Every structure is written in structure tokens, then in C-alpha cells.
Amino acid sequence: MSITLNHTIVPAVDHEAAARFFASVMGLEYNGPDRHFAPVRVNDSLTLDFMRVENPDGHHLAFDVDASTFDGILERLCVAGIPYGSDPNEPDNGRIDHPLCPRGLYFADDAHNLYEVMASG
């Protein structure tokens with residue numbers, strides 16, 4: 001059996017707001033809280049479980065996406081006025097010239113989680 005990541009905990013001051021934010025940018029569904037988590041299913045094998053913590057330390061979460069998914073994410077970021085950038089140290093530079101792929105970007109949430117999106121084409 002290969003090893004796959006089933007879920008990971010994403011810290012947030014307001015776990016439901018963070019889950020809604022992530023889902024809206026990524027074009028995913030958020031169906032509300034489940035006990036003490038606010039889960040967002042990313043794909044068939046991965047769920048991000050947003051959890052309320054008082055003083056969250058931001059995490060870095062990176063995603064490979066196809067070109068059309070990337071375009072949708074970029075459009076949603078622009079329409080919502082959410083800063084993005086091509087450098088983890090400047091996630092608000094408005095560029096998508098990622099050093100590891102043809103197009104990529106970073107964006108952050110209120111808990112300082114840094115999301116990286118890399119387009120394969």
C-alpha cells in the first residue's frame with residue numbers, strides 16, 4: 001500500500017471562517033463544522049481539518065493543480081481582492097512567476113497559514 005496523507009490540522013482563531021475562506025478561494029465546498037473541526041475535503045484522499053486555537057502558528061500547505069484550476073483560483077483571489085504573490089516572503093507582490101513551476105502563487109489567511117498553489121501547465 002502506498003502512503004497517502006488522509007488529513008491535516010490547520011490552526012485558526014476562527015476555524016469556520018478559515019475553512020470558508022480556503023474553500024471559497026480553492027473552489028471547494030465547506031459544509032459546516034464536524035464536532036470541533038471545520039473540515040474541507042480537498043480530494044478523495046485529503047481533508048483539511050481547521051481547528052480553533054487561541055494563538056495559531058501558521059502552516060505552509062502546498063497544492064499542485066492543473067492550469068484551469070489555477071486560473072479559477074487566481075480569478076477568485078482577484079475578484080475578492082485577496083493579495084497573492086510569487087514569493088513566500090512576498091505573498092502580496094501580485095505576481096505568479098513561481099520559481100518551481102510555469103505559474104504559481106502564495107496567499108495567506110488571517111491565522112498566517114501560507115497556501116501555495118502550483119500549476120502543472
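Residues are numbered from 1 along each chain as its sequence is written, and side-chain values use heavy atoms, with hydrogens and water left out. Because the model is predicted, local features need pLDDT of at least 70 and side-chain atom pairs count only at pLDDT 80 or more, while totals for chains, interfaces and linings use all residues.

## Salt bridges

Side chains of opposite charge can pair when their charged atoms come close. How many salt bridges does a search of the whole structure find? The search turns up four, where a salt bridge is a side-chain nitrogen of Lys or Arg within 4 Å of a carboxyl oxygen of Asp or Glu.

| Pair | N to O distance |
|---|---|
| Arg 20 and Glu 16 | 3.9 Å |
| Arg 103 and Asp 71 | 2.7 Å |
| Asp 97 and Arg 95 | 2.7 Å |

Let's start with Arg 20 and Glu 16. They sit four residues apart in helix 1 (residues 15-26), so about one helical turn separates them. Helices (H or I, at least four residues) and strands (E, at least two) are DSSP runs, numbered from the N terminus. Arg 20 is partly exposed at a relative accessible area of 43%, and Glu 16 is partly exposed at 25%. As for the cut-offs, buried means under 20% relative accessible area, exposed means over 50%, and partly exposed is in between (1.4 Å probe, protein chains only).

Next up is the salt bridge of Arg 103 with Asp 71. This pair ties together distant parts of the chain, with Arg 103 in strand 5 (residues 103-108) and Asp 71 in helix 2 (residues 67-80), 32 residues apart. Asp 71 is partly exposed, with 38% relative accessible area.

## Ser 86 and its surroundings

Asp 97 has another partner as well. Its side chain joins that of Ser 86 in a polar contact of 3.1 Å. A polar contact is a pair of N or O atoms within 3.5 Å; within protein, one must be able to donate a hydrogen and the other to accept it, and residues adjacent in sequence count only if both atoms are side-chain atoms.

Is Ser 86 buried or exposed? Ser 86 is buried, with a relative accessible area of 6%, and it lies in the loop between helix 2 and strand 5. Leaving aside neighbours within four places in sequence, Ser 86 is in contact with several residues, among them Asn 93, Arg 95, His 98 and Tyr 106. Contact here means heavy atoms within 4.5 Å.

## Around helix 1

Asp 14 is partly exposed, at 39% relative accessible area. Its side chain reaches the backbone nitrogen of Ala 17 at 3.0 Å.

Inside helix 1 you'll find Ala 19, which is buried, with a relative accessible area of 0%. Beyond its neighbours within four places in sequence, Ala 19 is in contact with Tyr 30, Ala 38, Val 40 and Phe 50.

Two packed helices are described by the angle between their axes and the distance between the axes. The axes of helix 1 and helix 2 come within 7 Å and cross at roughly 125 degrees. Axes are lines fitted to C-alpha atoms, for helices over the stretch in contact, and angles run from 0 to 180 degrees between N-to-C directions. Helix 1 and helix 2 are therefore oblique to each other, since angles under 35 degrees count as roughly parallel, over 145 as roughly antiparallel, 65 to 115 as roughly perpendicular and the rest as oblique.

Where the helices meet, Ser 24, Val 25 and Met 26 in helix 1 touch Ile 73, Arg 76 and Leu 77 in helix 2. By class, that contact has four nonpolar, one polar and one charged residues. Ala, Val, Leu, Ile, Met, Phe, Trp, Tyr, Cys and Pro count as nonpolar, Asp, Glu, Lys and Arg as charged, and the others, Gly among them, as polar.

## Two residues with positive phi

Most residues other than glycine have a negative phi. Arg 35, though not a glycine, has a positive phi of about 55 degrees. Arg 35 sits in the loop between helix 1 and strand 2 (37-43) and counts as exposed at 70% relative accessibility.

His 112 is not a glycine either, and has a positive phi of about 70 degrees. His 112 lies in the loop between strand 5 and strand 6 (114-119) and is exposed, with a relative accessible area of 60%.
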